[in-house]
Amino acid sequence: MSRFLSSRFATLTPYTPGEQPQNRKYIKLNTNENPYPPSPAVTEAIRASTGEELKRYPDPTAANLIRTMAEYCGVSEEQVIFGNGSDEILAFCFLAFCDRKVPACFADITYGFYKVFAELCAVEARIIPLTGDFSINPADYHRAGGTVLIANPNAPTGMSLTLAQIEEIAVSNPDNIVIVDEAYVDFGAESAVPLTLRYDNLLVVGTFSKSRNLAGARLGYAIGDSKLIADLNTVKYSFNPYNVNRLTLAAGKAAIEDRNYFTDCCNAIIETREFTTQALRDAGFTVLPSKANFVFVKNDRLHGEEYYLKLKERGILVRHFTDARISDYVRITIGTRQEMETLIKTTKLILEAIQ
Ligand code: PMP
C-alpha cells in the first residue's frame with residue numbers, strides 16, 4: 001500500500017478473481033464461463049461494429065439493447081439497465097441502496113464480491129448464515145432490516161430457492177429492497193423477473209457472462225420497478241455514462257435474438273452437469289444439488305485444497321475457497337462433455353494414487 005492510498009481503503013481486502021492463466025493451456029473449470037463460443041450471429045454483430053463508428057462514443061442509454069431485452073423479458077424499457085458486467089450493476093446497487101443506516105444483508109457463503117462492495121462503500125455487512133445443509137432458509141430473511149442480496153442459484157453451492165420462497169422474502173421486507181442475483185438462473189432455476197412486475201422492492205440482477213457465452217464482453221443488467229432503475233441510472237450517470245461499449249451493445253442484442261443457440265448451450269450444460277454429478281457421486285464424492293453451471297463437491301479422502309492442487313498439476317483448473325466452512329470443497333465449472341470426462345478420469349487416478 002502506498003502512503004497515498006486514502007485512509008478509507010486502508011483495510012480494504014479486494015476481491016480475488018479466479019485465475020486466468022496466460023502461460024499454460026488448462027482445462028479451465030474455475031470461473032464458471034461457458035465452454036461454448038458465442039453464437040455465430042454474435043461474432044458477426046461484433047465484426048459489423050468495428051468500423052468507423054468506433055470513433056464515436058456508444059449510446060449511453062443503450063436504447064436498442066434495452067428495447068430488445070425488455071421485449072424478451074416482457075417488461076417495459078424503463079425497467080431495464082445495463083452495465084459493464086453484473087459486477088458493475090452490483091456496485092451501483094450498493095451505492096444506490098445501502099448506506100450507514102441501511103446495511104447489506106447476505107449469506108455467509110455466497111458470492112465473495114458482496115463483502116468487498118460492502119467494505120468499499122463503508123456499509124455494514126449483516127451476515128445471515130446458510131443452514132447446516134448449505135440452503136437458504138427464507139424465514140431467516142424476514143424483516144432483514146437492510147438491503148437483501150440473494151444469489152439464486154447461490155454461489156458457490158449451486159443450490160436454489162423457488163419463486164415462492166423469493167416472493168416470501170420480498171413480501172416480508174416491505175421497507176427494504178431485495179436483490180436477486182440471477183447470474184446462474186438459466187441453468188435450471190426459476191427467474192424472478194415476472195415478480196418484479198408485482199413487487200416494487202424486488203430487483204433482479206443478471207449477466208451475459210455465463211448462459212450467454214460472453215464473459216469477455218462484460219455485460220450485466222438489472223430489471224425492476226422503473227423507480228429503482230431510475231435510481232441506478234442516477235449512479236451510473238454519476239460514474240460512467242458510457243459503461244457499455246459499442247461492440248458489447250451489438251453482441252448483447254444478437255445474443256438475445258439467437259434464442260435457439262442460447263437454449264441449446266444451456267441444455268447441453270445441464271445435461272453435462274447431471275452426468276458429472278452422477279460420475280462424481282459414483283466415485284465417492286458428496287455433490288450438492290446444483291441448478292447452476294458448476295458443482296460444489298467434496299471427498300472425505302481428499303482435502304479441497306489438495307484436490308485443487310492435484311488437478312492443477314495435471315492441467316485442470318478448478319476453484320478452491322479457503323473459508324473454514326467450505327475449505328473441504330472445490331467448485332467445478334461444467335465444461336464440455338469431453339472436458340468433464342477428462343476431469344472424472346483424472347480424479348479417479350488421483351484417488352487411486354492416495355490409497
Ligand atoms: N454474481 C455472481 C453470483 C457471480 O458468480 C458472478 C461471476 N463471478 C457475478 C455476479 C459477476 O458476473 P459478471 O460481472 O461477469 O457479470
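A residue is called buried when its relative accessible area is under 20%, exposed when over 50%, and partly exposed in between, using a 1.4 Å probe and protein chains only. By that rule, 51% of the 355 residues of the protein chain are buried. The model is predicted, so local features need pLDDT of at least 70 and side-chain atom pairs count only at pLDDT 80 or more, while totals for chains, interfaces and linings use all residues. Residues are numbered from 1 along each chain as its sequence is written, and side-chain values use heavy atoms, leaving out hydrogens and water.

**Overall form**
- The protein chain has 10 helices and 12 strands, which are DSSP runs numbered from the N terminus (helices: H or I, at least four residues; strands: E, at least two).
- The C-alpha atoms fill a box of roughly 60 × 50 × 50 Å along the principal axes.

**Contacts**
- Of the contacts (heavy atoms within 4.5 Å) in the protein chain between residues at least 6 apart in sequence, 73% join residues at least 24 apart.

**Helix α3**
- Helix α3 covers residues 85–97, which is 13 residues.
- From first C-alpha to last, α3 reaches 19 Å, close to the expected 18 Å, where the expected span is 1.5 Å times one less than the number of residues.
- Because 10 of its 13 residues are buried, α3 is largely enclosed by the rest of the structure.
- The buried residues of α3 include Gly85, Ser86, Phe92 and Phe97.
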